[in-house]
Amino acid sequence: MDDKLVVLTRSELETTINEAVNKIIGEMQKKEIINKEYITREEAARLLNVTIPTLHRYAKAGKIRIYKFGSRSLLKTEEVILAISENKIIKYGRSRYKK
């Protein structure tokens with residue numbers, strides 16, 4: 001590692017710290033989501049890095065399945081992960097649910 005002095009402005013330092021913290025929080029949230037049997041649409045959208053309307057398009061196309069429990073819409077975590085691993089779902093990186 002280089003032993004060079006790096007000079008950052010206050011706003012650059014704040015931005016760097018916020019990005020690092022948000023990345024760590026996103027990873028922790030994904031780990032918590034993966035440990036559940038069923039996840040909400042919001043959690044699935046965050047895991048897939050897509051919006052909820054995109055999630056519904058995936059369901060209509062048969063790429064994933066949404067289960068109804070009363071008034072709640074849930075997805076099986078393992079099915080979402082399987083869809084990702086089988087490349088049924090392609091993530092483009094545009095989402096309102098940032099990591």
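This is a predicted model: local features need pLDDT of at least 70, side-chain atom pairs count only at pLDDT 80 or more; totals for chains, interfaces and linings use all residues.
## After helix 3

Helix 3 is followed by glycine 62, which has a positive phi near 85 degrees.

## Helix 3 and its two faces

Let's stay with helix 3, which spans residues 52-60. Which of its residues are buried? They are Ile52, Thr54, Leu55 and Tyr58. Looking down the axis of helix 3, these buried residues fall within an arc of 155 degrees, so they line one face of the helix. The cover over them includes helix 2 and strand 3.

On the face of helix 3 turned away from this buried side, you will find the exposed residues Arg57 and Lys60.

## Helix 2 against helix 3

Two packed helices are described by the angle between their axes and the distance between the axes. For helix 2 and helix 3, the axes come within 9 Å and cross at roughly 90 degrees. An angle from 65 to 115 degrees counts as roughly perpendicular, and helix 2 and helix 3 are therefore roughly perpendicular to each other.

Next comes an open sheet of three strands, with antiparallel pairing and the order 1-3-2. Strand 1 (38-40) and strand 2 (67-69) are the edge strands, each pairing on one side only. On average, neighbouring strands of this sheet are turned by 45 degrees against each other, direction ignored.

Strand 2 pairs with strand 3 (residues 72-76) in the antiparallel sense, over three bridges. As an example of residue pairing, phenylalanine 69 has arginine 72 in strand 3 as its bridge partner. Helix 2 (residues 41-48) packs on the sheet, where it touches strand 1 and strand 3. The direction of helix 2 makes about 90 degrees with that of strand 1.

## Helix 4

Helix 4 covers residues 77-85, and its buried residues are Thr77, Val80 and Ala83. They span an arc of only 130 degrees around the axis, which puts them on the same side of helix 4. An α-helix has 3.6 residues a turn, so residues three or four places apart point the same way.

## Salt bridges

Side chains of opposite charge can pair when their charged atoms come close. How many salt bridges does the structure hold? There are three. One of them joins glutamate 14 to arginine 10, with the closest N and O atoms 3.2 Å apart. These two residues both lie in helix 1 (residues 10-34), four residues apart, or about one turn of the helix. Glutamate 14 is partly exposed at 40% relative accessibility, while arginine 10 is exposed at 67%.

Glutamate 43 and lysine 36 also meet through their side chains, at 2.5 Å from N to O. Glutamate 43 counts as buried because its relative accessibility is 14%, below the 20% cut-off. Lysine 36 is partly exposed, with a relative accessible area of 38%. A further salt bridge links arginine 41 with glutamate 42, the closest N and O atoms being 3.9 Å apart. Arginine 41 is partly exposed at 25% relative accessibility, and glutamate 42 is partly exposed at 32%.

Key. Residues are numbered from 1 along each chain as its sequence is written. Side-chain values use heavy atoms; hydrogens and water are left out. Buried means under 20% relative accessible area, exposed over 50%, partly exposed in between (1.4 Å probe, protein chains only). The arc is that of the directions from the helix axis to the C-beta atoms. A salt bridge is a side-chain nitrogen of Lys or Arg within 4 Å of a carboxyl oxygen of Asp or Glu. Two strands pair if DSSP finds at least two bridges between them. Axes are lines fitted to C-alpha atoms, for helices over the stretch in contact, and angles run from 0 to 180 degrees between N-to-C directions. Contact means heavy atoms within 4.5 Å. Angles under 35 degrees count as roughly parallel, over 145 as roughly antiparallel, 65 to 115 as roughly perpendicular and the rest as oblique.
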